[in-house]
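Subject: Structure handover

Hello,

Here is the structure I promised to pass on.

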Amino acid sequence: MKDFQEEKALVQRFHAALDAASPDFGAGGVSESLAAHCAPELTWRGFHPFGEITGPKAVAERFWVPLKRALTSMQRREDIFFAGLNQMDGFQGIWVVSMGHLMGLFDAPWLGIRPTGKLAMLRYCSFHKVEGEQITETAMYFDIPHLMAQAGQGIFPSQTAQHLVQPGPRTHDGLLYEAQPQATGEETLALINRMISDLGQWQSGLPLEEELALTWAPDMLWWGPEGIGATYTIERYAKQHSGPFRAAFSDRSKTTHIARLAEGHYGGFFGWPNFTARPTGGFMGQPPSDRPGEFRVIDIYRREGDKLAENWIFIDLLHFWKMQGRDFLAEATGEAHAD
């Protein structure tokens, strides 16, 4: 039985070094912290405007140094932490997952977003592939539109649900620093796979609420991103997100993931992209379009018994809308970015 404790310890050391590092390139700086824990050929995937970056130095220069200079006294507030074998490569690769908020004082501009001098929280989730004693791949997904809303620069006109500063698990047991029973994680992954089979292709033939009830608890919590929002119970989730989302899109591709894993009662996946679809019915208050758009997504789940009880979702809406011809970030800040 693999317990993933060495891989978890490596990521914990990496987080500790990164969080303590100064926002510069000298001794004790961010670049040094990344180089000490990540492979020289590190593949790093981040939401728009970052895209795919290669190598620790470039990741430090483009993402971490500017962010740590903007959000001073940054603190990691972690809500979920687990590891597992990746189903997508035949259970060969080991990935470690961390989810929570990066909190700081918004003291300097970031990506053209105006600072407030006040507390701000950047919602994040990361997947780290660990090989030997190095991190070789990272998916670092984060909710920039939510940070903008906190700064008084909200960019999306309406939401079908409600966005808050998303809390961690209701059960407060998401930090799996210790080894977990293998069978528990296998049950969680099997349930996630059943949900993907039932819901992922929109072809069950059942009424939506009945379809959801196959794998979701009646009092499910769906913690969605800024622009869509969070919703509670199967009934309201169907009305406030799942139903409107399905009505908005056509020609959805099959779901593809780079990593899918579970440990204990927690599991999740990410893709690059997860799927493509056309917003032929209009989406998020925007007019219909026949252009296909990519959905880069992380989903994290908590299982309770034989049903999914909570789901935290990260969607690169800035990237999706840029593919539709709307650069919401540039429109709000006056700065053009490429990913």
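Which strands does helix α2 (residues 30–37) lie across? Helix α2 lies across β1 (38–46) and β6 (134–142), and runs at about 110° to β1. Axes here are lines fitted to C-alpha atoms, for helices over the stretch in contact, and angles run from 0 to 180 degrees between N-to-C directions.

First, the ground rules. This is a predicted model: local features need pLDDT of at least 70, side-chain atom pairs count only at pLDDT 80 or more, and totals for chains, interfaces and linings use all residues. Residues are numbered from 1 along each chain as its sequence is written, and side-chain values use heavy atoms, with hydrogens and water left out.

The whole chain

The chain has nine helices and 14 strands. Both are DSSP runs, numbered from the N terminus: helices are H or I with at least four residues, strands E with at least two. The radius of gyration is 19 Å, close to the 20 Å that the globule rule gives for 339 residues, so the chain is as compact as a globular protein of that length. That radius is taken over C-alpha atoms, and the rule is 2.2 Å times the number of residues to the power 0.38. Along the principal axes, the C-alpha atoms fill a box of roughly 60 × 55 × 30 Å. Buried residues make up 57% of the 339. Buried means under 20% relative accessible area, exposed over 50%, and partly exposed in between (1.4 Å probe, protein chains only).

The six-stranded sheet

Six strands form an open sheet with mixed pairing, in the order β2-β1-β6-β5-β4-β3. Two strands pair if DSSP finds at least two bridges between them. The edge strands, β2 (51–54) and β3 (71–85), each pair on one side only. From one strand to the next, the twist averages 20°. β3 runs antiparallel to β4 (residues 94–106), and 12 bridges join them. F81 has S98 in β4 as its bridge partner. Helix α3 (residues 56–70) packs on this sheet and touches β1, β2, β3, β4, β5 (119–131) and β6. Contact means heavy atoms within 4.5 Å.

Two helices together

Helix α1 (residues 5–20) packs with α2 at an angle of about 170°, their axes 9 Å apart. That makes α1 roughly antiparallel to α2. (Under 35 degrees counts as roughly parallel, over 145 as roughly antiparallel, 65 to 115 as roughly perpendicular and the rest as oblique.) From α1, L10, R13, F14, A17 and L18 meet V30, S33, L34 and H37 of α2.

Strand β10

What covers the range 266–270? That is strand β10, and five of its five residues are buried. Y266, G268 and F270 point one way, G267 and F269 the other. In a regular strand the side chains alternate between the two faces of the sheet. Five bridges join β10 to β9 (residues 259–263), which runs antiparallel to it. E263 has Y266 as its bridge partner. Two residues lie between the strands of this hairpin, and G264 takes a positive phi near 60°. β10 also pairs with β13 (residues 297–304), antiparallel over five bridges. There, G267 has Y301 as its partner.

One buried histidine

H146 sits in helix α4 (residues 144–150). H146 is buried, at a relative accessible area of 5%. Not counting residues up to four places away in sequence, H146 touches M121, H163, L164, V165 and E226.

Best wishes
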